[in-house]
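Take a look at the sequence and the fold.

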Amino acid sequence: MRVLLISHPRAHAGKPDFPPIGTAYLGAVARDAGHDTLLIDGGLSGVRDIVARARKFRPDVIGITCWTIGRGTVWELCRLIEKTIPRVFLVLGGHHASLFPEHVLMKTRASAVVVGEGETAFRELLDALRRGTDPAAVPGLVLRGNDGSVRRTGPGI
């Protein structure tokens, strides 16, 4: 599968405060599991540039870091992704997403939120998606059901 990971996006390109180490960890997990993986440092790219690069990469899964301080930009990015790549499996993680997963699902059309440390849950989610199995068996997720319902899969590692 093709996996795109986007760290703490900003509305406009700028200089990030620090390197996106968490996103790099998840990228290594995805790559090691055999996925074609692209990382975008959202602090260096504006929202429009991120969407253009995503369109060109044609991912099956997009993961976005969501912090409380930048959540408005994440909502905007998600809306643009939904219009540009409507069938992508969209998953959010990070501090805000972990603390308020229902809020994230209310504000976006994301399919899943990874709660807490994401390395194991994200790898297992990618494995489930690759196999075509229900990700509800993966601990550490909050999922959106086909009927719009929200379900927790249990605590992650």
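Which residue in β3 does L4 stand opposite? L4 faces I62. This is a predicted model, where local features need pLDDT of at least 70, side-chain atom pairs count only at pLDDT 80 or more, and totals for chains, interfaces and linings use all residues. Residues are numbered from 1 along each chain as its sequence is written, and side-chain values use heavy atoms, with hydrogens and water left out.

Now follow strand β3, residues 61-65. Strands are DSSP runs (E, at least two residues), and helices are runs of H or I with at least four, numbered from the N terminus. Strand β1, residues 2-7, pairs with β3 in the parallel sense over 4 bridges. Pairing requires at least two DSSP bridges between two strands. Strand β4, residues 89-93, also runs parallel to β3, joined by 5 bridges. There, V61 stands opposite F89.

How covered is β3? In β3, 5 of 5 residues are buried. Buried means under 20% relative accessible area, exposed over 50%, and partly exposed in between (1.4 Å probe, protein chains only). In a regular strand the side chains alternate between the two faces of the sheet. On one side of β3 sit V61, G63 and T65, on the other I62 and I64, and all are buried.

Next, the surface. R48, R71, R79, K83 and K107 form a positive patch. Patch residues have over 30% relative accessible area and no salt bridge (a Lys or Arg side-chain nitrogen within 4 Å of an Asp or Glu carboxyl oxygen). Like charges are joined within 9 Å, nonpolar side chains within 5 Å. Helix α3, residues 71-84, gives the largest share, 3 residues. R79 lies in α3 and is partly exposed, because its relative accessibility is 43%. R48 lies in helix α2 and counts as exposed, because its relative accessible area is 61%.

How values were computed: Accessible areas come from the Shrake-Rupley method with a 1.4 Å probe; for residues, only the protein chains shown count as cover. Lys and Arg count as positive and Asp and Glu as negative; His and the chain ends are not counted. The place of a charge is taken as NZ of Lys, CZ of Arg, CG of Asp or CD of Glu.
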